[in-house]
Amino acid sequence: MKYVIIGNSTAAVGAIEGIRQMDGSGEITVISNEKYHTYSRPLISYLLQGKTDMERMKYRPADFYEKNGCRTILGKKVIGIRKAVRTVLLDDGSEIPYDRLMTATGSSPFIPGFDGLDSVKCKFTFMTLEDAFSLREALGPDKRVLIIGAGLIGLKCAEGIADHVKGITVVDLSTRILSSILDDSSAAIVQKHIEKTNIAFILGQSVSRFDGQTAYLSGGGKVDFDILVAAVGVRPNVSLISDIGGETDRGIVTDEYMRTSIEGIYAAGDCTESYDVSCGQRRVLALLPNAYRQGECAGINMAGGERKFDRAIPMNAIGFFGLHVITAGSCTGEVYEEKGDGSLKKLFYDDDLLKGYILVRDVEKAGIYTSLIQNRVALGDIDFELICEKPSLMAFSRKYRQQKLGGVV
Amino acid sequence: MKRVYVNEKWCLGCRLCEYNCAFANTGERNMALALRNLEISPRIRIEEGSDICFAVSCRHCEEPLCVKGCITGALSIEDGIIMVDEDKCVSCYTCILSCPYGAVSPSEHGAVQKCELCVKNRSGAPACVAGCPNGAIVYEER
Amino acid sequence: MPVDFMYPEYEIARNDSRCIRCRVCERQCANEVHSYEESGNFMLSDESKCVNCHRCVSLCPTRALKIVKSDHCFKENANWNQAAIKEIYKQSGSGGVLLSSMGNPERYPVYWDKMLINASQVTNPSIDPLREPMETKVFLGKKPERIERGPDGSLRNNLTPQLELAMPVMFSAMSYGSISYNAHESLARASRELGIFYNTGEGGLHEDFYQYGENTIVQVASGRFGVHREYLEAGAAIEIKMGQGAKPGIGGHLPGEKIVGDISKTRMIPEGSDAISPAPHHDIYSIEDLRQLVFSLKEATQYKKPVIVKVAAVHNIAAIASGIARSGADIIAIDGFRGGTGAAPTRIRDNVGIPIELALASVDARLRDEGIRNNVSLVAGGSIRNSADVVKAIALGADAVYIATGALLALGCHLCRSCQSGKCNWGIATQRPELVKRLNPDMGFRRLVNLLTAWNHEIKELMGGMGINSIEALKGNRLMLRGTGLNENELGILGISHAGE
């Protein structure tokens, strides 16, 4: 069996490990347009911050490919799939045959067409190791940075470079930071914490045009900067599949076995859509844990196993300057709220189910809440009052605990 | 594979497991020396209610969500035991977000901590089990 | 507030350089002796509540604790000693009968310690139990006077029901109520594993333990609690309890607050009602009355089970035993004055009854003299502490012994003698669920099995040394014993010669 995986990040590693659970000898080829050993993308901000290095950033040990019997084709781009003859076409003209193919092509930064953007000399996106390297070249203690986008990427970037620049201004159209994962009250706490550093926010405004080193804002103000980082959003890379008639929407559409609509081709990771069990909708859940589990599931199925991935929910663990935030699920329904000094807990529940939560600062045992959402545990079956107060196994039935603490799980 | 199992029927909530765990992971030779004036941060924790108590530590799941979710590859499975590479961990807490038992916790050393069945410390075998006075925590094959 | 005359008997010595403030002592003390002072980060102790049970000492992970006897003292007085003075203070404060638990702790002679065991030298060979067979199995019950044959000359089985013990030790009666469910389970499982018997005491038999029936002796006492047909049929033997060594002549009283849940169900009395066992059986005022009960019980169980009559060792025990041996009973159990109890009036415990060694010797001699020794087996109890005590008891004439205090010690009892408080920190003499769970029967049963397995090895060693290879050959073999420091009278009653004779 010949397996080909396009991509070399989390979903790809998941797929390799998934395949090897089932098939110890099939040929695995990993193709990536990046030239590096598999690395952890979220660590690029930690790299700039100095909290990790190239060696420790490796998502898997140096002998990973060798141990798993993988052939790697790095630094080459796949330009097309010939589904009729089951080959993929590389930018150097070569063709790689496959029996099972997985696309883990990830996503790309999306940059809106700002007026005058061409006049900006020093501009970056923040997604890959190469992005981080080029941004690092530009940093300096007297540099002023403008980041467009107060989402996860923009803010992690800000944290990563804060110590190496004079000041950072973050502009976002939304009226709160991290708008995709936080609500107003939690965002305010995090914002206040971040503002203790050299980072300032301008929210509820967008850039209407650039002129060299000046950004003119929709509110009438302007920001002078030396470095621009665009972190507005990302778009799933779906073209390899859509080009050959595979079903795509915002992301590549798969079933719960991670099969695309094309025979023999699977997809996993940020390029796909998932079924979010917390809200019952298909959406792009570009999250690392999600990508791994999708990849692993695809790998197992590609190698003849049968595994479903049907527990996807949005979930994020993120920290800024020592303040930790964990969120999962959807912020809909009734709310249980506990507010402390610089800390916050919000649980969202509806229909006898926990739908989502936001924890700021005190995040211990958050996974117990996550499991309630993921496994759709009926709140009537547990001591909800207790679990609101603190995540604990005490809130579950004795029988549940006996199974979990007294059995192999 | 041998794992640590907890039977709440026999747990007394004495918390010796917590102290034995903390001690084992200090690397010191004497418990008094190691733990005096120290607020312990054990990898096994007692949950206590009005008439129930039990210890919780890593289950070393066969399908570990913490390992699968780990963004750095710092968590891995070695011979069935889920281990933390403290060098690689950046304390993003995705594992804390993922673990359905609340068995991974922050630590003061900059990496997360969890039960590693005492294979990395001087105890060699789970110290919580050795120190449990009532057989409520056992280390066995099931 | 009136002046409290009582000064705590113990002091809690905490080695502060070892204490790590883990507060295990605080959590484990049901008497609430220890507490933690948050503001100063130190541990406090209120020694007036301490019963010296060692729970905190045993669980302290750094061995930072010890309990020491207070050296606070009264003016020296050989007559009005400290205990005597304190008892006056206590009673003048409370107006009540003094209560105590476990066996008589006073300084009466321990005859076991004044008897020595023989060994073979030169003229008769000793036996190595590791190389040669050594029989510790015994059968308890009436032994037939003569062999009977049928018309064709074949042997007729005229043997009445017997208890078969793999070794000559049994666990004596402790009721479910006086001890915990887990203690009972430990005893029951150990008995099955060891091939011996435990005894329900007067608390009935919890339905969970019917499965151990083959290793259970069910007791019928003056309160008749928990007695019904299935109960009688569940056990391997039935014991009529006439008396108890710790409190001869009086009954028992389990307070209503302990009669809860399963205990009430097992005893067949309403929750919260006091379980009062009368001093006498109100239907037994003579040996003839006793005979009626013996045969009622035999009748109820189709003569399939031996009946034991248990009496306390009192002054005229030999005559009493002679009567019992003629009552139809198969086994007589004699309980010496050092036997334990869950609660007894202190004055009774410490002043009534006689030592088991003397009682046993005189009963065995009397039954032999009267030619009725084979009517019954004799079981001796009341502070058998080790295998040497077992061997000495058998040499004095016992068929087997009963142990209880020793068994409780194996389960963790530290003889603090506070059973009556119901707050046993070791989970033995308590019904409080959070305390009961401290005794895990998986561990408890193993410790009991270990103890008696060790004793059995020692019994074989001692027997082998004497050149004896079965309990049967040791039984009543008083030539194997010599006394030390005993007067003529004592030697005469024990039926042994002085050492050197």
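1. A bridge in chain C. C:Arg482 has C:Ser497 of β23(C) as its bridge partner. Helices (H or I, at least four residues) and strands (E, at least two) are DSSP runs, numbered from the N terminus. This is a predicted model, in which local features need pLDDT of at least 70, side-chain atom pairs count only at pLDDT 80 or more, and totals for chains, interfaces and linings use all residues. Residues are numbered from 1 along each chain as its sequence is written, while chains are lettered from A and ligands numbered from 1 in the order in which they are written.

2. The sheet around that bridge. Strand β22 (residues 481–483) of chain C pairs with β23(C) in the parallel sense, over two bridges. Two strands pair if DSSP finds at least two bridges between them. The open sheet has three strands in the order β6-β22-β23 (chain C), and its pairing is mixed. β6 (115–117) and β23 (497–498) of chain C are the edge strands; each has a single partner strand, so one side of each lacks a neighbour in the sheet.

3. A helix on the sheet. Helix α11 (residues 387–395) of chain C packs on this sheet and touches β6 and β22 of chain C. The direction of the helix makes about 95 degrees with that of β6(C). Axes here are lines fitted to C-alpha atoms, for helices over the stretch in contact, and angles run from 0 to 180 degrees between N-to-C directions.

4. Domains of chain C. Chain C is divided into domain 1 (10–96) and domain 2 (138–473). Such bounds come from an automatic or database domain assignment. The centres of the two domains, taken over C-alpha atoms, are separated by 35 Å. Nine residues from domain 1 of chain C and seven from domain 2 of chain C make the contact. Two residues are in contact if their C-beta atoms, placed from the backbone, lie within 7 Å. The side of domain 1 that touches domain 2 of chain C has four nonpolar, four polar and one charged residues. For these classes, Ala, Val, Leu, Ile, Met, Phe, Trp, Tyr, Cys and Pro count as nonpolar, Asp, Glu, Lys and Arg as charged, and the others, Gly among them, as polar.

5. Which chains meet? Of the two pairs of chains in contact, chains A and B share the most contacts. No contact joins chain A and chain C; their closest C-alpha atoms lie 16 Å apart.

6. Chain A against chain B. Here 41 residues of chain A are in contact with 34 residues of chain B. On the chain A side, α8, β21, β22 (323–329), α9 (366–374) and α11 (398–406) each supply at least two residues. By class, that side divides into 21 nonpolar, 10 polar and 10 charged residues.

7. Chain B against chain C. In this pair, 18 residues of chain B are in contact with 17 residues of chain C. The chain B side has nine nonpolar, five polar and four charged residues.

8. Helix α1 of chain B. Is α1(B) enclosed or open? Nine of its nine residues are buried, so α1(B) is largely enclosed by the rest of the structure. Among the buried residues are B:Leu16, B:Tyr19 and B:Phe23. A residue is buried if 20 or more other C-beta atoms lie within 10 Å of its own, exposed if 12 or fewer, and partly exposed in between; C-beta atoms are placed from the backbone.

9. Chain A as a whole. Chain A has 11 helices and 25 strands. Its radius of gyration is 22 Å, close to the 22 Å that the globule rule gives for 409 residues, so chain A is as compact as a globular protein of that length. That radius is taken over C-alpha atoms, and the rule is 2.2 Å times the number of residues to the power 0.38. Along the principal axes, the C-alpha atoms fill a box of roughly 60 × 60 × 40 Å. Of the 409 residues, 46% count as buried.

10. Domains of chain A. The division is into domain 1 (2–108 + 235–302), domain 2 (117–232) and domain 3 (322–406). The C-alpha centres of domain 1 and domain 2 of chain A lie 30 Å apart. Nine residues of domain 1 are in contact with 11 residues of domain 2 of chain A.

11. A residue to look up. A:Ala303 is in the loop between α8 (288–302) and β21 (315–320) of chain A. A:Ala303 is buried, because 20 other C-beta atoms lie within 10 Å. Leaving aside residues up to four places away in sequence, A:Ala303 touches A:Ile19, A:Met22, A:Asp23 and A:Gly26.
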